[in-house]
Amino acid sequence: MTVKKKSPGRFQRFLRLVKSALDPRGYLHLIKMINYYNYSHVTPLREVRFAGARNISPDAVFDNAERISIGHRVRIGSRCHLWAGPSKGLIEIGDDVLFGPEVLITAASYSYNAGSPVTQQAMAEADVKIGNDVWLATRAVILPGTTIGDGCIVAAGAVVRGEFPPMSVIAGSPARVVSERTIPYPVEP
C-alpha cells in the first residue's frame, strides 16, 4: 500500500518563502556569484582583443584574456570557456566563427609524468588558431597546439588536437577528418 505524501499548504509555503528570504546564506552566495562573474567574464572581456562587434553569451568564461584575439562577427555560445596559456599560449579566432554551447578552447595543459602532483608541474603551452567561417559544435574541446583551417566544422563532443586543413568536417575523440565541406557558390572575401 502506497501512502501519498501530503503537499504543504499555502501558509506553509509562505513561511518557507519568508524563511528563505531572511536566510543570510542566500545573500552570501549571491555575493560569491557576483564575484565569480566579475573575475571570469566582465573583467577579462576588457582585455580580449576584438576586431569587431561582440556577440558573447553572458556566461562565457575567459582566462588569461590578454592572450586572446577574436575576429569579426564571432558568436560565442553559452558556458563556453576560452583559456589562453598563463605565460605564452595564444588563442586566435578568425572571422565568422560560431561557438555552440559549452565549447572549451585551451592553450595550456599540465604535464603529468614528472613524478610530482599534477598541479605542481609546469604547464605545456601551445598556440591555438581557429580560421574563418568555422563552426565549433556543442561541447567540442580544442586542445593546445591545434590549428583549424578556414571553413571547418567541428562536430559536437570532438576532442581536437593537431592541424586540420580548410573545409574539413572533424569528429571523434581523438578527432579526425571524416568529411569535407563543399560550397556550391563562390565565397566573397
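Strands are taken as DSSP runs of E of at least two residues, numbered from the N terminus, and two strands are considered paired if DSSP finds at least two bridges between them. The structure is a predicted model, in which local features require pLDDT of at least 70 and side-chain atom pairs count only at pLDDT 80 or more, whereas totals for chains, interfaces and linings use all residues. Residues are numbered from 1 along each chain as its sequence is written, and side-chain values use heavy atoms, with hydrogens and water left out.

An open sheet is formed by 6 strands in the order E1-E4-E7-E12-E15-E18, with parallel pairing. Its edges are strand E1 (49–50) and strand E18 (163–164), each of which pairs on one side only. Within this sheet, strand E7 (residues 91–93) is joined to strand E12 (residues 128–130) by 3 bridges in the parallel sense; Glu92 lies opposite Lys129 in E12.

Thr146 is located in the loop between strand E14 (141–142) and strand E15 (147–148). The residue is buried (under 20% relative accessible area, with a 1.4 Å probe and protein chains only), its relative accessible area being 0%. Its side chain reaches the backbone oxygen of Leu143 at 2.7 Å. Contacts (heavy atoms within 4.5 Å) of Thr146 comprise Asp127, Val128, Lys129, Val160, Arg161 and Gly162, when residues up to four places away in sequence are not counted.

An antiparallel pairing over 5 bridges links strand E19 (residues 168–172) and strand E20 (residues 175–180). The two strands, E19 and E20, are joined by a hairpin through 2 residues, and Gly172 has Ala175 in E20 as its bridge partner.

How values were computed. Helix = DSSP H or I, 4+ residues; strand = E, 2+ residues; numbered from the N terminus. Buried < 20%, exposed > 50% of the residue type's maximum accessible area, 1.4 Å probe, protein only. Polar contact = N/O pair within 3.5 Å; in protein donor to acceptor, adjacent residues only side chain to side chain.
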